[in-house]
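Here are my notes for you on this model, point by point. Keep the viewer open while you read, and look up each residue as we get to it.

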Amino acid sequence: METEKRTQTTAEQITDRDLSEQIKKVTKESHVRAENTELMLSFQRGQVTLQQYKLLLSSLYEIYQVLEEELDRNSNHPGVAPIYFPAELARLEAIEKDLEYFYGQDWRERIVVPAATKRYCHRLRQIGAENPEFLVAHAYTRYLGDLSGGQVLGRIAQKSMGLKSSDGLSFFAFPGVSSPNLFKQLYRSRMNSVELTEEERNGVLEEAVRAFEFNIQVFDDLQKMLNVTEIQNCSTLSKPVKMPQIPGNMTKTTPLLRMVLGLFVALATVSMGIYAF
Ligand code: HEM
């Protein structure tokens with residue numbers, strides 16, 4: 001007979017055979033690593049810059065575009081239908097609004113994303129086509145994260161960037177969710193209602209760890225992009241100059257950025273030459 005530890009919560013019975021508990025357990029360590037990425041630490045310290053936030057939003061745009069497209073396409077799949085909540089959770093339109101606010105009407109031509117974002121999107125498309133039952137792992141990682149720490153991060157971001165209103169912060173707002181905690185309980189119970197074979201369950205758990213890993217890689221790549229840009233803003237050359245490294249894995253969506261980056265490298269090289277002289 002199965003021995004299941006039961007834990008009473010306010011609105012639901014949770015067992016350690018429940019997907020929601022298992023997924024939380026297996027991603028616990030990854031969550032700590034995600035929280036401790038440089039980008040997330042900037043948020044938590046109230047030091048997030050407009051540039052960091054704009055780059056993050058640009059990557060989130062690409063990620064949610066694919067995630068939500070695959071959820072929509074597979075909305076009748078038995079592994080997706082119970083956790084399909086587009087009216088409550090969909091983020092794409094909110095992100096588009098924020099990007100237009102920060103970059104202007106031609107934001108689609110101006111946003112740049114690192115290669116890690118492309119890899120993340122590629123994986124989402126792949127499982128959307130081959131294993132739609134794994135989509136729950138990605139939906140959980142992003143949406144429940146946004147409904148949890150994301151709420152605090154929104155307020156911190158507003159303060160750090162000195163934004164007077166909520167313009168540019170639609171990403172953090174869930175108008176269709178009146179109580180994030182209650183909604184998370186509902187979402188967990190829906191996750192637990194998904195019928196999975198043992199093999200599929202293990203696949204979902206592995207995919208959840210992978211989903212966190214993709215996010216960590218995106219944050220790290222974004223930070224590398226920012227570090228390259230910061231060199232341009234160095235007004236003093238009193239310290240030894242580190243040559244700017246353009247990450248080889250960076251993917252640009254605009255030729256303009258490629259040109260600007262080329263210019264940074266050239267400028268820094270010339271500056272070093274003058275300094276050495
Ligand atoms: C500044 C960084 C972050 C902070 C401060 C933070 C904080 C939190 C907090 C306080 C919770 C609620 C824990 C609970 O209810 O037991 C939570 C849950 C969660 N977070 Fe984060 N988080 C951060 C980053 C992330 C990132 C980057 C992801 C994923 C990409 C993520 C995914 C999740 C998920 C999926 C949950 C739901 C856990 C569950 O109830 O099963 N978080 N986070």
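Predicted model: local features only at pLDDT ≥ 70, side-chain atom pairs only at ≥ 80, totals over all residues.

1. Residues are numbered from 1 along each chain as its sequence is written, and side-chain values use heavy atoms, with hydrogens and water left out.

2. How confident is the predictor? The score to know is pLDDT, the predictor's confidence in each residue, from 0 to 100. The protein averages a pLDDT of 84, and 77% of the residues score at least 70. Over residues 1-11 the pLDDT is below 50, and this stretch has 17 contacts in the model beyond near neighbours in sequence (contact means heavy atoms within 4.5 Å). Residues 235-254 also have a pLDDT below 50, with 40 contacts beyond near neighbours in sequence. For the complex, the predictor gives an ipTM of 0.98 and a pTM of 0.82.

3. Now the overall picture. Buried residues make up 46% of the 277 residues, where buried means under 20% relative accessible area, exposed means over 50%, and partly exposed is in between (1.4 Å probe, protein chains only). The accessible surface comes to about 14,800 Å², and 53% of that belongs to carbon and sulfur atoms; these areas come from the Shrake-Rupley method with a 1.4 Å probe, and for residues only the protein chains shown count as cover. Take the contacts between residues at least 6 apart in sequence: 78% of them join residues at least 24 apart.

4. Next, the ligand. There are 19 residues around it, and the closest are Lys-24, His-31, Tyr-140, Ser-148 and Arg-188 (near here means that a heavy atom of the residue lies within 4 Å). Which protein residue is the donor of the iron atom? His-31 is the only one, through NE2 at 2.1 Å, and His-31 sits in helix H2, residues 28-35. Donors are N, O and S atoms within 2.8 Å of the metal (3.2 Å for Na, K and Ca); water is not among the atoms, so sites may look incomplete.

5. A polar side-chain atom of Tyr-140 lies 2.5 Å from an oxygen atom of the ligand. For Lys-24, such a side-chain atom lies 2.8 Å from a ligand oxygen, and for Arg-188 the distance is 2.8 Å.

6. Buried or exposed: what is Tyr-120? Tyr-120 counts as buried because its relative accessibility is 1%. You'll find Tyr-120 in helix H8, residues 115-130. Leaving out residues up to four places away in sequence, Tyr-120 touches Ile-63, His-138, Arg-142, Ala-211, Phe-214, Asn-215 and Val-218. Tyr-120 and Phe-214 are 94 residues apart along the chain, yet their C-alpha atoms are separated by 5.7 Å.

7. Helix H6 (residues 92-103) holds Phe-102 and also Glu-100. Phe-102 is buried, at 14% relative accessibility, while Glu-100 is partly exposed, with a relative accessible area of 38%. Beyond neighbours within four places in sequence, the contacts of Phe-102 include Leu-50, Tyr-53 and Leu-163. Glu-100 touches Gln-105 and Trp-107, again not counting residues up to four places away.

8. Last one: Ser-166, in the loop between helix H10 (149-160) and helix H11 (180-193). Ser-166 is exposed, since its relative accessible area is 52%. The C-alpha atoms of Ser-166 and Leu-55 are separated by 18 Å, and the two are 111 residues apart along the chain.

Terms used
Helix = DSSP H or I, 4+ residues; strand = E, 2+ residues; numbered from the N terminus. Polar contact = N/O pair within 3.5 Å; in protein donor to acceptor, adjacent residues only side chain to side chain.
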